[in-house]
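Here's a quick tour for anyone meeting this protein for the first time. Have a look at the picture, then read on.

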Amino acid sequence: MSALYTAAATATGDGRNGEARTSDGKLEVNLSTPTEMGGSGEGTNPEQLFAAGYAACFLSALKMIARAEKAPIADAAVTADVSIFKDGDGFKLGVELHVEMSGVDEATADKLTRSAHQVCPYSNATRGNIDVNLDVTVA
């Protein structure tokens, strides 16, 4: 299979406290452990980066599905809440995807969201690995 696109990013420092940057220089961030986990919270963290990526990717999948279904969503937004949990000796993630849209009824919004969850690359990557809960609101 031929890749449509490959993103490359490098983290330096000690992981949660350091820097991360993409190979093209378009993203460069300072990393720090969240205050809730005993860190300074001065920089961003992997969970925030994952949440931003998942929200953007899911919204793109939702819009693609809506176009294919000719569903007239007028406005849409996705918020990804990414939580980290202690899991034995390690850690695990959990995600709540809050999907908001207007222009369609609740049944259509639910159907579009479930369909987007089947095609979104982040959803496919996490399926069976972490809990992802969908919350749909129609405005």
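## Ground rules

Buried means under 20% relative accessible area, exposed means over 50%, and partly exposed is in between (1.4 Å probe, protein chains only). This is a predicted model, where local features need pLDDT of at least 70 and side-chain atom pairs count only at pLDDT 80 or more, while totals for chains, interfaces and linings use all residues. Residues are numbered from 1 along each chain as its sequence is written, and side-chain values use heavy atoms, with hydrogens and water left out.

## The overall fold

The protein chain has 3 helices and 6 strands (DSSP runs: H or I of at least four residues for helices, E of at least two for strands, numbered from the N terminus). Reading from the N terminus, the order is β-β-β-α-β-β-α-α-β.

Of the 139 residues in the protein chain, 32% are buried.

The protein chain carries 11 positive and 19 negative side chains, and the centres of the two sets are 9 Å apart. Lys and Arg count as positive, Asp and Glu as negative, with His and the chain ends not counted; each charge is placed at NZ of Lys, CZ of Arg, CG of Asp or CD of Glu.

So where does Asp-135 sit? Asp-135 is part of strand S6, which covers residues 131-138. Asp-135 counts as partly exposed because its relative accessibility is 32%.
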